[in-house]
Amino acid sequence: MATSSTQAVPETRDVPEHVAIIMDGNGRWATRRLLPRTAGHAKGVQAVRRVVEACGRAGVRYLTLFAFSSENWRRPAEEVSLLMRLFVQALEREVGKLEEQGVRLHVIGDLSAFEPRLQELIFAAQERTAHNDRLHLTVAANYGGRWDILQATRAMLAAEPSLATQPQLVDEARLSRHLSMAWAPEPDLFIRTGGEQRISNFLIWQMAYAEFYFTDRYWPDFGAAELQAAFDWYRTRERRFGRTSAQLHEDGAK
């Protein structure tokens, strides 16, 4: 299980080990070009490809993308349907490329809400890339941070029913091992495109000590150069994890 940033001080490096991204602005990108919102989502798939390749080159080990939140079902039915079709197409067309690049695909979220065909493609893609370890690409689909904590709590109680009458035994380690990404380190860098500055129920447990980077660039226009700008900004951050600057400098001098 990965190190908890609230229980121990994680190692840090110039290039973030784990990058989490909310890919926002597809619809607004299209609207500004007098195109239907769905055109922006289609264009956004190309940005995913660019960023996956750039992260692989940079040495990022974990990349987590928020593709569809549990609240996105509230969007117009036509847009939701298009997003589902794009997901199917991406799984059909891109998995072979991921395998060639040494990328392992994970999909987290409540997948039971998806149609059987999409679920089959997800499970097949995960199995096909399971031997890869150059980059772990996680797609959050029908995912919400609150859902994640709730499902982890239920799973914990199912595994250890006695905890229901012994709540004092529940601790962070016990619960976190049941979270959707218990196998991955916590995100070092969170990026949100499109100008909004909120996390929108994304990895709310895991991003306790992530560095937050917001950009006005819409997701379809985001690529290697924009990712590098985020990395350059990340290098300027002083990651203290509760310590003082003086302590960091003392540790660095040793």
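**Exercise 1. Compare the radius of gyration of the protein chain with that of a compact globule of 254 residues.**

Solution. Start with the rule: 2.2 Å times the number of residues to the power 0.38, with the radius taken over C-alpha atoms. For 254 residues, a compact globule would have a radius near 18 Å. The protein chain has 19 Å, so the two agree.

This is a predicted model, where local features need pLDDT of at least 70, side-chain atom pairs count only at pLDDT 80 or more, and totals for chains, interfaces and linings use all residues. Residues are numbered from 1 along each chain as its sequence is written, and side-chain values use heavy atoms, without hydrogens and water.

**Exercise 2. Place Asp-24 in the chain and decide: buried or exposed?**

Solution. First, the record: UniProt, in an unreviewed entry, lists Asp-24 and Glu-211 under "binding site"; such annotations may be inferred rather than shown by experiment. Next, the place. Asp-24 lies in the loop between strand S1 (18–22) and helix H1 (26–32). Helices (H or I, at least four residues) and strands (E, at least two) are DSSP runs, numbered from the N terminus. Then the area. Asp-24 has a relative accessible area of 14%. Buried means under 20% and exposed over 50%, with partly exposed in between (1.4 Å probe, protein chains only). Therefore Asp-24 is buried.
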